[in-house]
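Morning, everyone. Please bring up the structure, and let's walk through its cores and rings.

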Amino acid sequence: FPFPYTPYRIQEQFMEALYSALEAGRVGIFESPTGTGKSLSLICGALSWLRDWEEKRRQEEARLLALGAGGQDGLAPQQARPGSADTAGEPDWVTAFVQKKEERDMVDRLKEEQIRRKKREDRLEKIRHNVQLKYAAKRKRCEEDEAKRLLQLSKEALSQGAGEGVLDQLDHNEEELILAEYESDDEKKVVSGLEEDDDDLEEEHVTKIYYCSRTHSQLSQFVREVQKSPFGKDTRLVSLGSRQNLCVNEEVRRLGALQLINDRCMEMQKNKHEQKSDEENEGKKRRVSRTVCPFYSYEQMQFLRDEVLVEVKDIEQLVSLGRETKACPYYGSRFAIPAAQLVVLPYQMLLHEPTRNAAGIKLKDQVVIIDEAHNLIDTITCIHSAEVSGSQLCCAHSQLSQYMERYRKRLKAKNLMYIKQILYLLERFVAMLGGNVNQNPGCQAVSQTGTVLKSINDFLFQSQIDNINLFKVQRYCEKSLISRKLFGFVERYGGPASAVKTNKENQKLAGLQNFLLTLQQGSDKEGDPPVEAEHDHLRTASPLMQIEGFLSALTNANQDGRVILNRQGTVGQSSVKFLLLNPAVHFAKVVEECRAVIIAGGTMQPVADFREQLLCCAGVDPARVVEFSCGHVIPPENILPIILCSGPSNQQLEFTYQTRDLPQMMDETGRILCNLCNVIPGGVVCFFPSYEYEKQVYGHWEKTGLLSRLAAKKKIFQEPKKANQVEQVLVEYAKCIKRCSQTGGQMTGALLLSVVGGKMSEGINFSDDLGRCVIMVGMPYPNIKSPELQEKMTWLDKTMPRAAGQAPSRVLIENLCMKAVNQSIGKAIRHQKDFASILLLDHRYARPAIFNKLPQWIRERTQVKPAFGSAFAELRKVRTFILCAA
């Protein structure tokens with residue numbers, strides 16, 4: 001395998017296993033701890049297979065074309081025996097004729113593909129080596145900008161002063177002397193140097209690899225790894241993203257919310273098509289001019305497509321190129337998909353079928369690699385679940401009613417029919433929450449509070465909407481862009497700052513303003529949870545967008561989901577939620593269509609969830625599934641994992657819901673931390689099961705004086721709840737550790753109190769001095785009283801077989817806990833020379849069922865310590881190791 005440096009043995013094993021899984025068309029679950037070069041192994045292993053696959057295909061094509069050129073007889077792989085007839089009873093000459101025709105068609109198709117491929121490769125080669133071509137488009141754009149500027153000045157000059165008057169006084173005979181609207185033939189052609197017929201947007205999709213990861217930054221990091229790899233120069237790679245990441249139209253970007261950006265973009269495209277049809281009907285009166293996107297230029301997007309295919313670019317580079325070429329990166333990148341060899345995209349885009357289809361992603365016989373896949377099941381569940389509050393339902397009903405009243409005379413019958421259906425749906429949803437759409441949701445108290453779960457069918461019948469075709473309503477919302485129109489309407493008439501005249505036509509709109517204001521005031525009075533200011537306006541202005549997602553979710557099969565009615569205090573605070581129980585139904589199509597699917601991650605343990613809940617339920621043959629897990633590259637002495645069963649005062653460590661709040665348990669945790677902070681220099685990261693428990697323990701330590709003892713050795717930092725404050729806390733934490741290591745003295749570093757599943761346990765690394773010790777307080781079991789979790793457990797017990805005598809629901813709870821633990825403790829070791837200790841504070845970790853769910857590279861080095869003394873002695877050795885290394 002080509003590699004930028006000599007690979008570790010585990011990287012070679014990873015690439016070999018990956019290559020054979022792709023070759024055999026398997027579904028693979030691959031685990032490689034962070035710090036072992038997983039991304040490079042994925043790139044070099046997968047692209048080596050793709051290179052070999054393309055070469056084999058070229059050889060096979062050449063063989064078939066040579067046979068075809070040598071005469072049709074030589075092409076037939078097997079001749080029908082004389083006098084024989086096939087299973088359908090046709091004579092042998094008919095069979096032979098059909099077979100030969102199919103072979104001739106195949107040869108013709110191969111010839112066409114070869115011509116198209118050659119044209120594409122020649123064009124890309126031309127762009128790659130002809131610097132002049134790269135600047136031809138730029139020069140052309142400058143000319144166009146200058147022409148537009150002069151045209152605008154000419155129009156302004158005409159509209160001023162006597163210009164129009166002179167025009168009116170012209171003789172009829174003189175009209176013919178006036179030049180007609182002119183458009184140069186050159187303006188219709190593609191960028192200079194590229195012929196019009198070079199366009200191959202309709203070409204068939206070449207065999208490619210779709211690489212997905214969770215976040216925008218992870219994708220950019222992956223693309224940078226590709227650029228550094230031996231495949232960086234000659235791989236056709238395209239990065240896909242949402243409009244939120246790729247849009248270069250500042251007016252649209254300012255809308256902020258993804259749904260608003262999507263709708264505005266589609267509306268501008270629609271305007272462009274309408275403008276074209278208006279221009280074709282010259283005799284008719286022109287319609288009112290509507291805004292079109294200046295970046296949606298077909299020829300410029302073709303140029304951008306070619307630039308993307310010529311050189312590997314990440315999303316930031318793609319956006320810069322879009323701004324420079326005045327071409328839309330969102331659509332330009334999609335034009336590049338058919339010819340690309342490697343498509344990099346967020347996994348929400350690949351896992352949601354409507355989004356996948358809209359982007360032009362075809363999975364048939366392709367390879368999909370899903371990286372950072374430890375939360376894959378949760379991700380699929382979240383993508384296809386939806387929740388709307390009573391406040392949003394009432395607000396949408398009010399807005400839509402006002403919109404219908406305002407434009408009733410202008411709306412066509414079908415529009416009115418669908419709007420009335422949507423209004424009826426909203427009315428019934430609010431009634432299910434125990435409220436009335438015509439009253440302020442913040443002031444309506446709910447008589448029966450609590451949470452109720454219903455099957456989809458029961459919900460549809462009980463809310464009396466089973467006679468409405470939700471598929472048609474959903475399609476109407478999508479095609480008509482009603483939520484976008486409604487948002488524009490509310491922006492204009494619903495805001496408190498907008499001036500509304502009090503004439504007859506606008507009196508009802510004043511009512512809308514007043515209603516929205518009471519809605520806002522009502523929710524404030526009733527103590528709604530505070531909403532971040534940037535989203536506040538968007539939520540009140542466009543609730544129908546959220547509701548469309550809920551309507552779409554209701555079209556799932558009855559057995560695969562549940563509707564949760566959450567009735568709290570007031571109708572405004574209550575909500576109706578769709579919960580997807582079976583994520584496999586949405587993953588099934590991916591594994592069916594693809595040649596091979598690789599699910600990869602740094603920590604995939606325990607993998608039983610992937611096998612049973614995802615692959616088995618999606619109908620994947622167990623023989624098609626392969627598992628690969630490799631160790632770490634660090635020496636065994638660089639990591640010290642300890643399961644601690646009791647503290648310094650011999651208090652047994654068992655952080656159950658019943659015992660963890662006891663003062664002696666919180667005191668014992670504090671004593672353990674004090675001892676550790678005395679001997680371990682640098683950074684110590686301590687994970688708690690929840691924000692609430694972390695806050696409770698912190699408060700207890702403050703009262704008992706334990707906090708001041710801790711603070712004497714380590715500066716204490718707490719994980720913030722708000723995402724925008726995380727970066728600042730991390731910067732201060734790192735600065736403090738660096739300062740302490742340089743100055744020496746009594747303060748030896750910093751202690752970071754974090755939360756499992758919080759901001760610090762996902763996507764943040766504690767390498768080197770930032771995490772010399774990671775502590776896990778208790779076992780972070782999920783809240784078993786949660787209605788959603790209870791329903792999921794019931795569903796699993798009904799649909800899944802018992803595993804090793806354990807109920808599937810019990811296995812789920814353990815797996816959720818251990819996935820969270822493994823994600824958190826895996827943050828300490830980030831590269832070959834890193835070292836750290838890991839402390840699991842709970843005797844239950846020593847139970848075989850739990851112990852075996854730790855990652856193998858941690859499990860095989862873990863020591864179980866019944867008493868604190870022997871554990872502390874081991875940790876003192878670590879201190880010596882750290883000081884020697886320093």
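Predicted model: local features only at pLDDT ≥ 70, side-chain atom pairs only at ≥ 80, totals over all residues.

Now the pairs. The whole structure holds 19 aromatic pairs, meaning Phe, Tyr or Trp rings (for Trp, the six-membered one) with centres within 6.5 Å. Planes under 30 degrees apart are stacked, over 60 edge-to-face, the rest tilted. F14 and F30 have ring centres 5.3 Å apart and planes at 70°, so they pair edge-to-face. F14 sits in helix α1, F30 in strand β1, 16 residues apart. Helices (H or I, at least four residues) and strands (E, at least two) are DSSP runs, numbered from the N terminus. Both F14 and F30 are buried, that is, under 20% relative accessible area with a 1.4 Å probe, protein chains only.

Next, the cores. A nonpolar core joins buried Ala, Val, Leu, Ile, Met, Phe, Trp, Tyr and Cys residues through side-chain atoms within 4.5 Å. The largest has 67 residues, and L376 and F587 have the most contacts inside it. Helix α25 gives the largest share, five residues. A second, separate core has 48 residues, including C394 and V473.

Technical notes:
Residues numbered from 1 in each chain as written. Heavy atoms only, no water. Buried < 20%, exposed > 50% of the residue type's maximum accessible area, 1.4 Å probe, protein only.
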